[in-house]
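Visitor: I would like to learn how to read the features of a protein model. Please take them one at a time.

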Amino acid sequence: MISLTNVTHRYGRHVALRNLTLDLPAGVSGLLGPNGAGKTTLLRALATLHQPQDGEIRILGLNPARAPERLALRRVLGYLPQDFTPYPTFTAFEFVEYIAILKGMKRPAERRTRVLEVLAGVGLEGVAHRRAGGFSGGMRRRLGIAQAIVNRPELLIVDEPTAGLDPAERVRFRHLLASTEARVAVISTHIVEDVTAVAPQVSVLLGGELKYQGSPQGLTDYAQGRVYVGSDLSGTVVQLTDVGPRVLTADPLPGLIACAPTVEEGYLALAGRGA
């Protein structure tokens, strides 16, 4: 449903995406990678906000490099950027309705019903008529999710959707994403748990290049034989337990207890975040 072939994007001398070839199927796909890995650049390209200097992108059979096809994609797109700021003088209802109008939802009664539905879905029904300028960071993030899904998009792209959300709100978002009507949804996040909860496939970017694509559980292979519990603090401490720190290390001290790795530990090992 999404295909990138030899895509390269530069900002001056900095190469954000390097000869990236990637296929994303129908359904929900996760995108992982540390800061500077190229995730946001990739999502902005998929959201038709910029055109890479080299390579080709196909989304839902359309080529965003061509103006008519780019416009067609934008009509069926739902997008939540990493830095989302609603118009502060608009109420939550007014802002989401405004986005719905831009997306071509012309029937007032149906539009109003849908706006109220998505606001309830993100837990903002009680503040629908409050101005967004007075919202907390978490409330603004939830409003961003609401505007991204109001048009029932065929293509949903969300960048760090759960940043600033509390645990209950993160669970609510996962339920929303799991029930999305989008043909293709791409979620980029630093929170591995969010990806494993909703995405059957994950892609890992490092330095603008694809380093892994497959099931989240397949990431555990990168940490096999590298996770231990005991008194060793020389590795990367992943978690504190009742029997000592759980560490990721390639050179364990004697006496440590080997453990089966988690998906997060596999990602840390692949990303070079573990000793």
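This is a predicted model: local features need pLDDT of at least 70, side-chain atom pairs count only at pLDDT 80 or more; totals for chains, interfaces and linings use all residues.

Visitor: How many helices and strands are in the chain?

Guide: Helices (H or I, at least four residues) and strands (E, at least two) are DSSP runs, numbered from the N terminus. The chain has eight helices and 13 strands.

Visitor: What share of the residues counts as buried?

Guide: Buried means under 20% relative accessible area, exposed over 50%, and partly exposed in between, using a 1.4 Å probe and protein chains only. Of the 275 residues, 51% count as buried.

Visitor: Which strands does S3 join?

Guide: Strands of a sheet pair through backbone hydrogen bonds, either parallel or antiparallel. Two strands pair if DSSP finds at least two bridges between them. Strand S3 covers residues 27-32, and five of its six residues are buried. Five bridges join S3 to S7 (residues 184-188), in parallel, with Gly30 opposite Ile187. Four bridges join S3 to S8 (residues 201-206), also parallel, with Leu31 opposite Ser203.

Visitor: Where is Thr189 found, and is Thr189 buried or exposed?

Guide: Thr189 is in the loop between S7 and helix H7 (192-198). Thr189 counts as buried because its relative accessibility is 1%.

Visitor: What does Thr189 touch?

Guide: Contact means heavy atoms within 4.5 Å. Leaving out residues up to four places away in sequence, Thr189 touches several residues, among them Leu31, Leu32, Lys39 and Asp194. A polar atom of the Thr189 side chain also lies 2.9 Å from the backbone nitrogen of Ile191.

Visitor: What is the strand order in the open sheet of four strands?

Guide: The order is S11-S12-S10-S13, with antiparallel pairing. S11 (236-241) and S13 (257-258) are the edge strands, each pairing on one side only. Five bridges link S11 and S12 (residues 244-248) in the antiparallel sense, and Gln239 stands opposite Arg246 in S12. Helix H8 (residues 263-270) packs on this sheet, touching S10 (227-229), S11 and S12.

Visitor: What angle does the direction of H8 make with that of S12?

Guide: Axes are lines fitted to C-alpha atoms, for helices over the stretch in contact, and angles run from 0 to 180 degrees between N-to-C directions. For H8 and S12 the angle is about 50°.

Note on methods
Residues are numbered from 1 along each chain as its sequence is written. Side-chain values use heavy atoms; hydrogens and water are left out. A polar contact is a pair of N or O atoms within 3.5 Å; within protein, one must be able to donate a hydrogen and the other to accept it, and residues adjacent in sequence count only if both atoms are side-chain atoms.
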